[in-house]
2 protein chains.
Amino acid sequence: MKYKKIDEEDIKYLTSVVGEDSIFVGEENIHDDYSGDELAGIERYPEALIYAKNTEEISKVLRYANENHISVTTRGQGTGLVGGSIALCGGIMLSTEKMNQILEIDEENLTVTVEPGVLLMELTEFVESHDLFYPPDPGEKSASIGGNISTNAGGMRAVKYGVTRDYVRGIEFVLPNGEIMNFGGKIVKNSSGYSLKDMVVGAEGTLGVVSKLILKLLPLPKYKLSLLIPFEDLSKAIKTVPEIIKSKNIPTAIEFMQGEVILAAEEFLGKKFPDNSSDAYLLLQFDGNSKEELENAYEKVADICLDCEALDVLIADTDERHDSIWSARGAFLEAIKASTTHMDECDVVVPRNKVSDFVIFTHQLQEKYNMRISSFGHAGDGNLHIYLLKDEMDDETWNKKAGEVFKKMYNKAFEMGGAVSGEHGIGFAKIPYLEDEFGEEGMELFRGIKLAFDPNEIMNPGKLGSNYKVNLYQ
Amino acid sequence: MKYKKIDEEDIKYLTSVVGEDSIFVGEENIHDDYSGDELAGIERYPEALIYAKNTEEISKVLRYANENHISVTTRGQGTGLVGGSIALCGGIMLSTEKMNQILEIDEENLTVTVEPGVLLMELTEFVESHDLFYPPDPGEKSASIGGNISTNAGGMRAVKYGVTRDYVRGIEFVLPNGEIMNFGGKIVKNSSGYSLKDMVVGAEGTLGVVSKLILKLLPLPKYKLSLLIPFEDLSKAIKTVPEIIKSKNIPTAIEFMQGEVILAAEEFLGKKFPDNSSDAYLLLQFDGNSKEELENAYEKVADICLDCEALDVLIADTDERHDSIWSARGAFLEAIKASTTHMDECDVVVPRNKVSDFVIFTHQLQEKYNMRISSFGHAGDGNLHIYLLKDEMDDETWNKKAGEVFKKMYNKAFEMGGAVSGEHGIGFAKIPYLEDEFGEEGMELFRGIKLAFDPNEIMNPGKLGSNYKVNLYQ
């Protein structure tokens with residue numbers, strides 16, 4: 001796949017569309033943030049960085065790129081972990097970060113309409129100030145909502161509330177040929193054709209550009225409460241989760257964590273966690289509209305945990321205690337990163353009653369390969385975050401070992417009925433594992449869908465559905 | 001688009017796959033149920049009717065049809081309202097009604113695995129006997145679950161719980177070339193490629209055949225209660241709905257009904273409704289896990305209704321009263337049908353704060369065209385069921401008037417940000433209105449997606465995504 005390189009004439013046209021202050025050309029004029037995302041070790045500069053200010057600009061830029069066969073990579077805040085927003089073929093990087101307005105809150109339809117550059121934390125704060133609730137809660141609060149849509153981001157509350165896809169009602173979408181489409185809307189039900197909205201959610205910018213979003217809201221639950229529950233070991237902790245699910249008192253979140261990760265977070269934050277004496281913990285959150293409802297649920301679950309050999313049940317029922325626990329939980333990724341020289345991650349998802357077996361399997365790999373493997377994650381929804389840590393390994397050993405360990409982990413997940421990614425997406429780093437999961441037949445479906453939207457394949461080449469294959473590691 | 005007619009040799013092969021007792025050839029040997037669905041006035045026989053008993057048979061039949069360019073129309077119970085399962089081009093009708101086993105209930109993952117021929121009412125009864133809950137609740141309880149998936153059926157509980165799509169975790173799917181694929185699974189989160197599962201839900205059998213389903217369950221709410229609320233007129237009733245939504249006490253269901261429809265249902269069922277003295281009613285349902293939670297919610301909502309000029313609030317808090325109201329509600333469609341010579345329906349969906357304006361608009365059309373127009377529907381989710389009644393009109397007048405009225409209603413819905421179908425799907429009867437909604441650009445996307453799955457276009461021709469256009473009315 002060859003793309004046209006951007007020349008003087010292209011720059012002239014693109015400048016006429018977005019204005020001089022919104023286009024930056026050439027590596028020397030582009031901030032190095034835009035050469036990568038949170039996937040470590042990869043750097044590729046676009047030829048031109050463009051900040052779009054509105055849908056019409058996106059439309060004009062795409063139409064021009066499509067006619068001239070210039071590749072386009074859309075970027076929100078660049079907080080992705082799998083290289084989804086890296087401009088592998090140069091071309092245009094289209095940033096939506098300046099399209100960051102909350103356009104409307106509609107209390108009669110319980111929706112909020114936003115531009116894609118709004119940050120998750122801004123959205124959360126805004127809707128909560130209206131006593132409303134946007135349930136998806138991915139770890140990275142400074143991600144843009146457009147990025148969340150692109151990866152179908154999940155987060156901790158998926159146990160009870162589902163993921164980003166479940167809260168997208170409508171999308172204004174710009175096709176690669178510049179056409180502006182509306183998929184869905186403020187409507188609650190829809191059986192009108194293939195669900196184009198659901199095709200675009202999780203498409204990682206490979207089908208076109210999300211230019212506006214209508215999101216579903218819920219009433220904000222009035223009360224919340226967390227339980228921190230120490231166990232003798234991780235296996236005992238995780239095996240408790242299916243018992244909790246079976247009891248039908250579904251918490252908002254069920255996270256698992258290892259003692260060593262908590263110690264790393266304490267060091268990273270310079271703050272103490274309420275308890276760090278055990279090897280393994282479950283962290284549960286409950287929410288509800290009455291104290292009785294909440295107490296009823298958490299007391300039953302606490303009893304189940306004690307029956308499953310929990311060492312204790314620590315209740316965090318004030319905002320302060322609650323926030324201290326969850327801010328430590330929020331720092332895990334950064335804390336693990338700070339504890340090593342380099343790391344790579346696996347965001348596998350398995351049925352929730354298989355989590356324990358999967359974690360035991362990673363412990364066996366840790367022994368076998370003599371490599372630190374840290375994990376934490378969403379025990380309640382089967383989505384694990386597993387980090388291979390390079391520490392003092394030399395590059396050659398690391399590349400070889402990490403490759404083998406990843407292959408083994410993903411294959412184990414597929415055996416268990418799992419999938420490559422629970423919430424981070426595929427980007428380009430996980431494409432080989434997606435091929436392992438779906439086989440040639442599935443990849444052919446992806447390519448066919450891609451071509452239906454983007455026949456000239458200008459959008460985000462080298463990612464999902466692309467015929468353009470790239471392996472930056474070779 | 002020309003399809004191969006089925007000949008002796010085809011029959012020989014197909015019989016070798018499914019056995020003599022599972023194939024019926026020729027109009028004289030096929031029961032007339034299989035020449036149509038619940039869309040009145042259309043009759044087309046398949047050339048051969050095949051009952052599949054398992055996935056392998058589906059795979060072999062499809063592979064053969066694909067290689068020989070024979071059209072295939074999949075059929076569940078044939079309860080669709082828009083002609084989705086009519087074999088417009090003859091060919092093979094593939095019935096999944098004998099694949100009707102509930103395969104597994106998994107209480108640790110809160111899923112049930114079923115074959116597509118299981119009936120909605122069987123599924124509901126089965127999971128409730130395990131104290132679990134499958135929330136989607138389309139009106140037609142004798143529909144097959146495979147059919148529900150194909151239309152992304154909605155139902156009354158969408159206000160609180162969402163629609164069929166929201167409860168599909170995994171699909172075993174047979175591609176037209178016979179390949180057996182698995183999309184999703186028991187996993188709760190998934191960001192691994194375009195969501196093929198969501199593409200297949202609502203695809204009305206145009207992409208391949210659903211051969212197995214993994215459905216998400218919830219704990220069964222312990223208590224439920226209904227409120228029947230009379231109003232002076234329909235406008236006042238429906239205008240109350242956005243106030244209820246704003247109050248953040250979200251009922252499970254919010255239905256609206258007109259006095260005349262209740263009278264028709266009483267006559268049809270030979271049973272009295274608790275009240276029939278008013279012109280308009282809201283019917284609300286609440287569910288929850290404690291009586292206090294329920295009382296708290298319904299008392300607030302009852303006050304809101306009285307503030308909005310409700311004439312009374314009738315509480316149905318016993319199973320008996322509850323069932324009597326909802327069985328009347330369930331008979332509306334049949335009751336309206338019995339009250340006229342012929343009818344046609346519109347399943348439009350609009351934002352829920354536009355329902356009142358839309359119903360007023362249909363009343364204006366009723367006057368203008370001197371045609372009875374009855375409606376009822378899901379006020380809480382904006383999905384209206386509007387019936388044009390032929391009564392004593394001659395065919396020519398009916399065809400002309402109905403065509404004009406439909407056109408006006410759909411265009412009004414699009415103006416309001418609505419869509420052609422909330423839950424019945426497009427079939428072939430609503431294809432022209434889908435074109436009005438999506439335009440050429442959108443229809444082209446549908447065709448592209450169709451071709452990604454079904455390059456030889458054997459699946460359900462004349463429906464969604466098809467290049468084959470048919471107008472049986474001309």
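Axes are lines fitted to C-alpha atoms, for helices over the stretch in contact, and the angle between two of them runs from 0 to 180 degrees between N-to-C directions. The model shown in these views is predicted.

**View 1. Helices H1 and H2 of chain B cross with their axes within 9 Å of each other.** Helix H1 of chain B covers residues 8-18 and helix H2 of chain B covers residues 55-68, and their axes cross at roughly 165 degrees. Because angles over 145 degrees count as roughly antiparallel, H1(B) is roughly antiparallel to H2(B). The crossing in which H1(B) passes H2(B) is right-handed.

**View 2. Residues of H1(B) meet residues of H2(B).** On the side of H1(B), the residues in contact are B:Glu9, B:Asp10, B:Tyr13, B:Leu14, B:Val17 and B:Val18, and on the side of H2(B) they are B:Glu57, B:Lys60, B:Val61 and B:Tyr64. Of the residues in this contact of H1(B) with H2(B), six are nonpolar and four are charged, while none is polar.

**View 3. A:Tyr13 and A:Tyr64 form a stacked aromatic pair.** Over all chains, the count of aromatic pairs comes to 34. In the pair formed by A:Tyr13 and A:Tyr64, the rings lie 4.4 Å apart centre to centre, with 15 degrees between the planes. The pair links distant parts of the chain, since A:Tyr13 belongs to helix H1 of chain A and A:Tyr64 to helix H2 of chain A, 51 residues apart. A:Tyr13 counts as partly exposed because its relative accessibility is 30%, whereas A:Tyr64, at 12% relative accessibility, counts as buried.

**View 4. Four residues of chain A form one aromatic cluster.** The cluster is made up of A:Phe406, A:Tyr410, A:Phe414 and A:Tyr433.

Key: Residues numbered from 1 in each chain as written. Chains lettered and ligands numbered in written order. Predicted model: local features only at pLDDT ≥ 70, side-chain atom pairs only at ≥ 80, totals over all residues. Heavy atoms only, no water. Helix = DSSP H or I, 4+ residues; strand = E, 2+ residues; numbered from the N terminus. Parallel < 35°, antiparallel > 145°, perpendicular 65-115°, else oblique. Left-handed = near helix turned anticlockwise from the far one by under 90°. Contact = heavy atoms within 4.5 Å. Nonpolar A, V, L, I, M, F, W, Y, C, P; charged D, E, K, R; others polar. Phe/Tyr/Trp six-rings, centres within 6.5 Å; stacked < 30°, edge-to-face > 60°. Buried < 20%, exposed > 50% of the residue type's maximum accessible area, 1.4 Å probe, protein only.
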